[in-house]
Amino acid sequence: MKQKYLVTGGAGYVGSVVAAHLLEAGHEVTVLDDLSTGFREGVPDGAAFIEGRIQDAARWLDPSYDGVLHFAAFSQVGESVVDPEKYWTNNVGGTTALLAAMRGAGVRKLVFSSTAATYGEPVSTPVTEAAATAPTNPYGASKLAVDHMIGGECAAHGLAAVSLRYFNVAGAYGAYGERHEPESHLIPLVLQVAQGRREAISVYGDDYPTPDGTCVRDYIHVADLAEAHLLALGAAEPGSHLICNLGNGNGFSVREVVETVRKVTGHPVPEVMAPRRAGDPAVLVASAEAAREKLGWIPSRADLAGIVADAWAFARREEQDV
């Protein structure tokens, strides 16, 4: 059944891939993005586009919409530490305005792009939704605050909502991939070394209690992630706030990622050792059992080489377009 959705932040990495999946499923999509971190060319063909802020969502949201998928947030951990007010104002204040706009328009379904950063440094892995939430930076804290806000909205006003807590999103989906400025994610950073855009990749610590001494992280393909959002729309129930982790349930070390990039690209990737970074857990892997049980979500692109190959194809396409 064709439905109409507003995708906030739909010109960004994950938002654009989800918008593309919604269109492919036959839905009507409007992207709302202020382009402060997104890209106009990231808006999929076939989607209507509004250049604007989520704080002003009430100008465009009306009862014709069946739901909202909310990706409009600042997401740089380091920046959030030095400029926390930016994150409270946009991520929390902006969502407050969005929820009010939804309430006013009678739009009663929401899927929220949350994050594993809400857990901070978990004491054990795999991380379940029952793990303590103890964010270590304002970015994670702002996302957790929004999760609490959504829970209150569901209880008080009957909103049907799902928060999806991502672990490490990677890969690309056709013309849609990572374009962060500055880039902080490992796979695109290593690919920049393979492209010759960066001299070497910094490896922060090689003395962790892991098989090769480097940190282990759970990587999920962005297309698998997008499919979870469509399933979440179907699983959302009035008055209920469902929270699900999204990950593959296994991890890859920094050195495994670097070696996979070497194999996929055929290019050398020099490494430079650096001290550990404060707050980096040795292993961070998700339990996605709740997503499997409650959404019916089973990721099908868990192979690291495939994730890297898709990201590499996108990076080369971007390089040719410059």
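Predicted model: local features only at pLDDT ≥ 70, side-chain atom pairs only at ≥ 80, totals over all residues.

Reply: Residues are numbered from 1 along each chain as its sequence is written, and side-chain values use heavy atoms, with hydrogens and water left out.

Me: What radius of gyration does the protein have?
Reply: The radius is taken over C-alpha atoms, and the globule rule is 2.2 Å times the number of residues to the power 0.38. For 322 residues a compact globule would come near 20 Å, which agrees with the protein's 19 Å.

Me: How many helices and strands are there in the protein?
Reply: Both are DSSP runs, numbered from the N terminus: helices are H or I with at least four residues, strands are E with at least two. The count is nine helices and 14 strands.

Me: Which orientation do α3 and α4 have to each other?
Reply: Helix α3 (residues 84-105) packs on helix α4 (residues 138-157) at an angle of about 20°, with axes 9 Å apart. Axes are lines fitted to C-alpha atoms, for helices over the stretch in contact, and angles run from 0 to 180 degrees between N-to-C directions. Angles under 35 degrees count as roughly parallel, over 145 as roughly antiparallel, 65 to 115 as roughly perpendicular and the rest as oblique. The angle of about 20° therefore makes α3 and α4 roughly parallel.

Me: Which orientation do α5 and α7 have to each other?
Reply: Helix α5 (residues 186-195) and helix α7 (residues 254-265) have axes that come within 10 Å and cross at roughly 45°. The two helices are therefore oblique.

Me: Which residues of α7 make the contact with α5?
Reply: Contact means heavy atoms within 4.5 Å. From α5 come L186, I187, V190, L191 and A194. Their partners in α7 are V254, V257, V258, V261 and T265.

Me: What is the strand order in the open sheet of three strands?
Reply: Two strands pair if DSSP finds at least two bridges between them. The pairing here is mixed. The order is β12-β9-β14.
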